[in-house]
Amino acid sequence: MESEARNQINNDYNKFFYATMCHVCKRIGDGVPLKLCSNCKMISYCGQEHQKQHWKQHKPLCKAIQNVLQGRQGYNMNVRGETSEEWINIKQMFMLLVSRVLKRRLTMCEMQMFKFPRECLICHERNAQSLKGRLSYISRA
């Protein structure tokens with residue numbers, strides 16, 4: 001019975017993506033220090049155990065993201081659009097290129113990862129330290 005429940009949990013955690021919580025256990029909060037995947041920097045885990053648990057499923061996507069970002073597909077995520085619409089188009093092109101490298105369609109969870117990363121809605125900054133600094137500045141204003 002317990003292994004059946006564990007299998008259901010393992011099957012369910014890839015249904016949705018949340019940029020600010022562990023991808024496996026969905027834990028969040030001040031007591032949960034999240035670490036981004038050091039390769040793709042797109043997905044977070046609360047610890048090495050959950051990262052290892054998810055690696056077999058995440059590895060193909062992670063490698064495809066790295067492939068695109070390393071310029072093999074002629075793509076640069078450091079280019080920022082002037083408008084929100086331009087930035088949305090950049091992210092959609094990124095998804096398309098990753099999908100082509102994978103030679104399959106992205107799952108709903110994977111698309112959410114590209115569409116809704118942890119980033120500033122104005123300048124599109126993704127660096128966690130920069131975001132923390134901005135949030136504390138905004139909250140003091």
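Biologist: In what order do the elements of the protein chain run from the N terminus on?

Modeller: The model is predicted. The chain has 5 helices and 2 strands. From the N terminus on, the order is α-β-β-α-α-α-α.

Biologist: How much of the protein chain is made up of buried residues?

Modeller: The chain has 141 residues. Among contacts with a separation of 6 or more, 43% join residues 24 or more positions apart. The buried share of the residues is 33%.

Biologist: How many disulfides does the count come to?

Modeller: A disulfide needs two cysteine sulfur atoms within 2.5 Å. C40 is in no disulfide, with the nearest cysteine sulfur, that of C37, 3.8 Å away. C46 is in no disulfide either, and its nearest cysteine sulfur, that of C22, is 3.7 Å away. By this rule the count is 0.

Biologist: Is C40 buried or exposed?

Modeller: C40 sits in the loop between β1 and β2. The cut-off for buried is under 20% relative accessible area. C40 has 4%, so the residue is buried.

Biologist: Which residues is C40 in contact with, leaving aside its neighbours within four places in sequence?

Modeller: C40 and N67 are 27 residues apart in sequence, and their C-alpha atoms are 9.7 Å apart. For contact, heavy atoms must lie within 4.5 Å. With the sequence neighbours set aside, the contacts of C40 are H58, C62 and I65.

Biologist: Where is K41 found, and is K41 buried or exposed?

Modeller: K41 has a positive phi of about 60°, although it is not a glycine. The residue lies in the loop between β1 (35-36) and β2 (44-45). Its relative accessibility is 52%, so K41 counts as exposed.

Biologist: What is the relative accessibility of K103?

Modeller: K103 is placed in the loop between α3 and α4. It is not a glycine, yet its phi is positive, about 60°. K103 counts as exposed, with a relative accessibility of 75%.

Biologist: How are α3 and α4 set to each other: oblique or roughly parallel?

Modeller: α3 covers residues 84-102 and α4 residues 108-115. Their axes are 9 Å apart, at an angle of about 140°. Roughly antiparallel would need an angle over 145 degrees. The two helices are therefore oblique.

Biologist: Which residues in α4 meet α3?

Modeller: α3 passes α4 in a right-handed crossing. From α3, the residues in the contact are K91, F94, M95 and V98. Their partners in α4 are M111, F114 and K115.

Biologist: By class, how many residues in the contact of α3 with α4 are charged?

Modeller: The residues that meet include K91 in α3 and K115 in α4. Lys counts as charged, whereas Val, Met and Phe count as nonpolar. The contact has 5 nonpolar and no polar residues, and the charged ones number 2.

Biologist: Which elements do the buried residues of α4 pack against?

Modeller: The buried residues of α4 are C109, E110, Q112, M113 and F114. One of them, F114, is among the α4 residues that meet α3. The buried residues of α4 pack against α2 (48-69) and α3.

Technical notes: Residues numbered from 1 in each chain as written. Predicted model: local features only at pLDDT ≥ 70, side-chain atom pairs only at ≥ 80, totals over all residues. Heavy atoms only, no water. Buried < 20%, exposed > 50% of the residue type's maximum accessible area, 1.4 Å probe, protein only. Axes fitted to C-alpha atoms, helices over the stretch in contact; angles between N-to-C directions. Helix = DSSP H or I, 4+ residues; strand = E, 2+ residues; numbered from the N terminus. Parallel < 35°, antiparallel > 145°, perpendicular 65-115°, else oblique. Left-handed = near helix turned anticlockwise from the far one by under 90°.
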